[in-house]
Amino acid sequence: MAALDSLSLFTGLGLSEHKARETLKNTALSAQLREAATQAQQTLGSTIDKATGTLLYGLASRLRDPRRLSFLVSYIANKKIHTELQLSAALEYVRSHPLDPINTEDFEQECGVGVMVTPEQIEEAVEAAINRHRPQLLEERYRFNMGLLMGEARAMLKWADGKMIKHEVDMQVLHLLGPKTETDLEKKPKLSKARPEEKDRRTAKDMMENGEAADQALSLMEQLRGEALKFHKPGENYKTPGYVTTPHTMDLLKQHLEITGGQVRTRFPPEPNGILHIGHAKAINFNFGYAKANNGICFLRFDDTNPEKEEAKFFTAIYDMVAWLGYSPYKVTYASDYFDQLYAWAVELIHRGQAYVCHQRGEELKGHNSLPSPWRDRPVEESLLLFEAMRKGKFAEGEATLRMKLVMEDGKMDPVAYRVKYTPHHRTGDTWCIYPTYDYTHCLCDSIEHITHSLCTKEFQARRSSYFWLCNALDVYCPVQWEYGRLNLHYAVVSKRKILQLVAAGAVRDWDDPRLFTLTALRRRGFPPEAINNFCARVGVTVAQTTMEPHLLEACVRDVLNDTAPRAMAVLEPLQVIITNFPATKSLEIQVPNFPADETKGFHQVPFGPMVFIERTDFKEEPEPGYKRLAWGQPVGLRHTGYIIELQNVVKGPSGCVESLEVTCRRADTGEKPKAFIHWVSQPLTCEIRLYERLFQHKNPEDPAEVPGGFLSDLNPASLQVVESALVDCSVALAKPFDKFQFERLGYFSVDPDSGQGQLVFNRTV
């Protein structure tokens with residue numbers, strides 16, 4: 001009964017039922033959250049709104065000193081702490097002031113209690129920062145460090161929303177400078193501290209070895225072209241440090257060059273058991289990009305050696321994502337294409353005394369310091385017979401494996417080459433009941449396809465010696481394996497297993513839920529493929545693992561959408577406005593530029609009638625100082641119409657809530673200019689708009705030190721807000737899924753595939 005009461009209490013805070021149940025599993029967290037919610041209810045004397053509930057959950061999950069719980073809850077319940085920024089400051093204050101009593105005046109000052117930051121204050125702070133740097137801005141244009149403007153505005157308004165400051169900076173800079181020109185798009189070269197004679201020696205390869213971000217002056221193609229990475233030339237594999245040669249190496253390289261003609265060959269080899277994510281985007285760009293930059297070819301090879309986890313939908317989705325990013329494989333191949341050859345080579349490996357059949361169980365093979373197998377020295381003939389028996393299905397799963405005789409860099413001894421699996425294969429059916437492993441398949445498939453540069457993420461470096469060993473043990477052409485750093489993002493989970501857990505728990509809808517960082521999810525959210533490729537280029541080709549902030553990816557998205565997403569107007573919280581002296585007997589057709597900063601890109605028409613709808617937040621009966629939008633005695637302009645409206649009457653319902661406004665209008669070229677121009681819609685379409693925030697609350701949701709309860713306990717209850725009755729102008733009526741728009745003053749939006757006849761659904765992209 002107590003558990004049910006707590007479940008009801010937690011869902012009342014805005015937590016999903018799944019999130020509430022997960023919280024109940026954490027005894028300490030649930031006790032602290034229960035106490036916080038109970039106190040807040042007593043203070044409020046009513047139900048707790050979702051925003052307050054989110055803050056209470058954040059408090060309970062992050063507070064390390066329970067003595068301070070009651071003190072902080074009182075501030076949240078009384079709306080004295082009402083933002084995440086204030087809560088973080090409050091938690092930091094009580095952490096750094098462990099002794100009683102707390103100095104209330106000092107605490108409130110440090111946490112911004114009572115400080116209200118209006119959009120008008122943000123506008124003025126940004127305007128002041130721009131005016132201070134106007135000459136330099138006009139000279140350097142978009143090469144100017146915009147972070148300086150945001151930093152100065154934030155210094156003036158400590159408690160302002162950082163996203164609002166960033167948006168205001170973008171808007172005012174665009175107004176001052178106009179759209180980016182070709183000159184603006186040329187990256188600013190970085191100044192080198194190296195001596196003059198050393199300047200030409202720092203290449204992308206040097207940056208890889210030092211784990212540095214690539215110079216933003218270089219495009220991805222420039223980073224990958226020719227000598228930039230100091231990779232070996234085709235046929236000169238033996239010049240690579242660490243490459244192992246044999247008496248047959250030079251003959252094999254000569255044959256290789258006769259087959260390839262000295263052409264660069266790479267491959268992208270995903271496992272078809274999940275959807276590609278942002279980390280794969282770097283791998284795709286690196287593999288396909290290196291081939292493209294050097295006039296080579298790249299294979300798309302599906303590593304389909306584990307039939308238990310492979311599904312047809314993953315093959316299709318992977319191919320689609322490669323194409324979506326703008327790449328075309330030279331050829332689509334499958335590891336299963338080579339099953340016969342791989343089996344023949346396994347038999348040859350046994351003949352050469354380099355492999356044996358083993359009966360140790362899986363748990364005995366785990367770890368890096370396992371004892372040698374008791375079957376390591378069994379006779380060749382015996383292993384040949386047993387391997388044939390494995391193929392004929394005479395062993396149960398786990399009863400026998402084929403192992404190779406080598407010790408890897410990480411100490412792992414005799415990796416498995418083949419194992420028994422009685423699972424039909426999606427391409428070969430029941431032909432095989434033994435399947436090769438990655439350690440065995442990877443290098444041999446590279447050899448068969450005459451890959452020149454086998455590009456892998458850093459964790460495969462421990463397999464490099466086995467890669468060389470196996471090719472040389474069979475006297476076949478041996479490619480060169482090169483490693484680069486994996487790309488990760490903060491506030492994200494990309495593991496296939498963990499995404500499946502999120503789907504199963506109902507935290508996300510599927511692999512393409514726009515809150516995830518799978519490529520299908522990013523496409524659905526509205527991220528252009530060019531932006532993802534640009535992001536990979538900015539990250540650069542580094543050996544060190546890179547973990548980036550999501551806002552850097554979002555900046556690349558804005559750069560692309562600013563030039564490609566036509567403008568439209570939408571209203572999320574509509575307030576009806578009646579123009580009592582509308583200047584025409586019927587609606588007017590208003591010409592609206594698709595891109596206000598560049599009217600050569602065309603216009604679209606929207607109707608303007610005596611009834612319009614504005615954002616509810618664009619009107620206040622009792623405005624605070626500095627408020628610039630519609631209020632008594634304070635007219636505003638309606639964007640693109642050439643008209644200014646002035647308030648005449650406020651119509652309220654029985655509850656006292658404002659239901660509509662009555663205004664008069666006059667032409668903008670008569671009388672005083674208004675302080676603000678607002679967006680509006682007339683004769684609009686009703687649509688659904690989905691607003692997304694981060695899925696997780698902490699930077700590293702998989703880190704036990706940061707999130708002791710596990711990543712499922714770190715879900716942000718406010719990661720999705722659905723506005724079911726938003727209004728949008730009729731210019732978007734014919735929009736198709738994935739079409740993108742910038743809704744003026746609101747952000748960038750993309751049409752979701754859930755859209756149906758007469759009912760558009762938009763996802764906020766950024």
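Figure 1. Residues 24 or more positions apart make up 70% of the protein chain's contacts with a separation of 6 or more, a contact being heavy atoms within 4.5 Å. This is a predicted model, where local features need pLDDT of at least 70 and side-chain atom pairs count only at pLDDT 80 or more, while totals for chains, interfaces and linings use all residues. Residues are numbered from 1 along each chain as its sequence is written, and side-chain values use heavy atoms, with hydrogens and water left out. The C-alpha trace spans about 100 × 65 × 60 Å along its principal axes. Of the 766 residues, 51% are buried (under 20% relative accessible area; exposed is over 50% and partly exposed in between, with a 1.4 Å probe and protein chains only). The chain holds 26 helices and 26 strands, taken as DSSP runs numbered from the N terminus (helices H or I, at least four residues; strands E, at least two).

Figure 2. For the record, a pocket here is an open set of points on a 1 Å grid over the protein atoms alone, where a 1.4 Å probe fits, with protein on both sides within 12 Å along at least five of seven lines; lining residues have an atom within 4 Å of a point. Of the 35 lining residues, Glu271, His280, Phe460, Arg486 and Lys496 sit nearest the centre. Helix H16 (278-293) hands over the largest share, 5 residues; elements supplying at least two include strand S1 (265-268), helix H21 (438-448) and helix H23 (496-504). By type, the lining splits into 13 nonpolar, 11 polar and 11 charged (nonpolar: Ala, Val, Leu, Ile, Met, Phe, Trp, Tyr, Cys and Pro; charged: Asp, Glu, Lys and Arg; polar: the others, Gly among them).

**Figure 3. Strand S1 and its partner.** Arg265 and Arg267 point one way from S1, Thr266 and Phe268 the other, and all are buried. S1 pairs with strand S2 (residues 297-302) in the parallel sense over 4 bridges; strands count as paired if DSSP finds at least two bridges between them. Arg267 has Phe299 as its bridge partner in S2.

Figure 4. Neighbours within four places in sequence aside, the contacts of Tyr440 include Leu342, Trp345, Met404, Tyr418 and Leu470.

Figure 5. S6 (residues 416-420) is mostly covered, with 5 of its 5 residues buried. Strand S5 (residues 401-404) runs antiparallel to S6, joined by 3 bridges, and Thr401 stands opposite Arg419. S6 also pairs with strand S7 (residues 434-436), antiparallel over 3 bridges, where Val420 partners Ile434.

**Figure 6. An open, mixed sheet.** Here 6 strands line up as S17-S14-S20-S19-S18-S21, with mixed pairing. Strand S17 (611-615) and strand S21 (677-678) are the edges, each pairing on one side only. S14 (residues 574-579) and S20 (residues 658-667) run parallel, joined by 4 bridges, with Ile578 bridged to Glu662.
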